[in-house]
Amino acid sequence: MPNPKGNPQNFENQPSRDLTENVTFRATKEMKEEIQKQDNPAQFCRDAVQEKLDRNKGK
C-alpha cells in the first residue's frame, strides 16, 4: 500500500530546497474552494506566493 502522505522525492520542489516551514493565512470561503479545486493545492499556493514575491523584487 502506498504511503498516503507521499514521498518527498515525488514532490515538484527543487531538490536544494526543503519544505520545512508552515505558513497559515485567512482566506474567504470562495478562495478556499477555488484552491481546493486545483490538482495540487499546496503547490498551487507555493507557486502563487513565489510569483508575487518575484514580482515585488522587480519593483
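How many residues apart are Glu-51 and Arg-55 in helix α2? They lie 4 residues apart, about one turn of the helix. The points below start with the model as a whole and return to this pair.

1. Basis of the model. This is a predicted model, in which local features need pLDDT of at least 70 and side-chain atom pairs count only at pLDDT 80 or more, while totals for chains, interfaces and linings use all residues. Residues are numbered from 1 along each chain as its sequence is written, and side-chain values use heavy atoms, with hydrogens and water left out.

2. Overall make-up. The protein chain has 2 helices and 0 strands; helices (H or I, at least four residues) and strands (E, at least two) are DSSP runs, numbered from the N terminus. Of the 59 residues in the chain, 3% are buried. Buried means under 20% relative accessible area, exposed means over 50%, and partly exposed lies in between (1.4 Å probe, protein chains only). The accessible surface of the chain is about 6,200 Å², and carbon and sulfur atoms account for 51% of that area. Accessible areas come from the Shrake-Rupley method with a 1.4 Å probe; for residues, only the protein chains shown count as cover.

3. Ile-35 belongs to helix α1 and is buried, at 17% relative accessible area. Leaving aside neighbours within four places in sequence, Ile-35 is in contact (heavy atoms within 4.5 Å) with Pro-41, Phe-44 and Cys-45. Ile-35 and Cys-45 are 10 residues apart along the chain, and their C-alpha atoms are separated by 7.7 Å.

4. Pro-41. This residue is part of helix α2, which covers residues 41-57. Pro-41 is partly exposed, with a relative accessible area of 29%. Not counting residues up to four places away in sequence, Pro-41 touches Ile-35 and Gln-36.

5. Gln-43. Also in helix α2, Gln-43 is buried, with a relative accessible area of 12%. Its side chain makes a polar contact with the side chain of Arg-46 at 2.9 Å. A polar contact is a pair of N or O atoms within 3.5 Å; within protein, one must be able to donate a hydrogen and the other to accept it, and residues adjacent in sequence count only if both atoms are side-chain atoms.

6. Salt bridges. Side chains of opposite charge can pair when their charged atoms come close. Taking a salt bridge as a side-chain nitrogen of Lys or Arg within 4 Å of a carboxyl oxygen of Asp or Glu, the count is 2. One joins Lys-37 to Glu-34, with the closest N and O atoms 3.1 Å apart. Lys-37 is exposed at 59% relative accessibility, whereas Glu-34 is partly exposed at 43%. Another joins Glu-51 to Arg-55, with the closest N and O atoms 3.2 Å apart. Glu-51 is partly exposed at 48% relative accessibility, and Arg-55 is likewise partly exposed, with a relative accessible area of 48%.

7. Nonpolar surface patch. Val-23, Phe-25 and Met-31 form a nonpolar patch on the surface, and together they have about 350 Å² of accessible area. Patches are made of residues with over 30% relative accessible area and no salt bridge; like charges are joined within 9 Å, and nonpolar side chains (Val, Leu, Ile, Met, Phe, Trp, Tyr) within 5 Å. Val-23 is found in the segment before α1 (29-36) and is exposed, with a relative accessible area of 73%.
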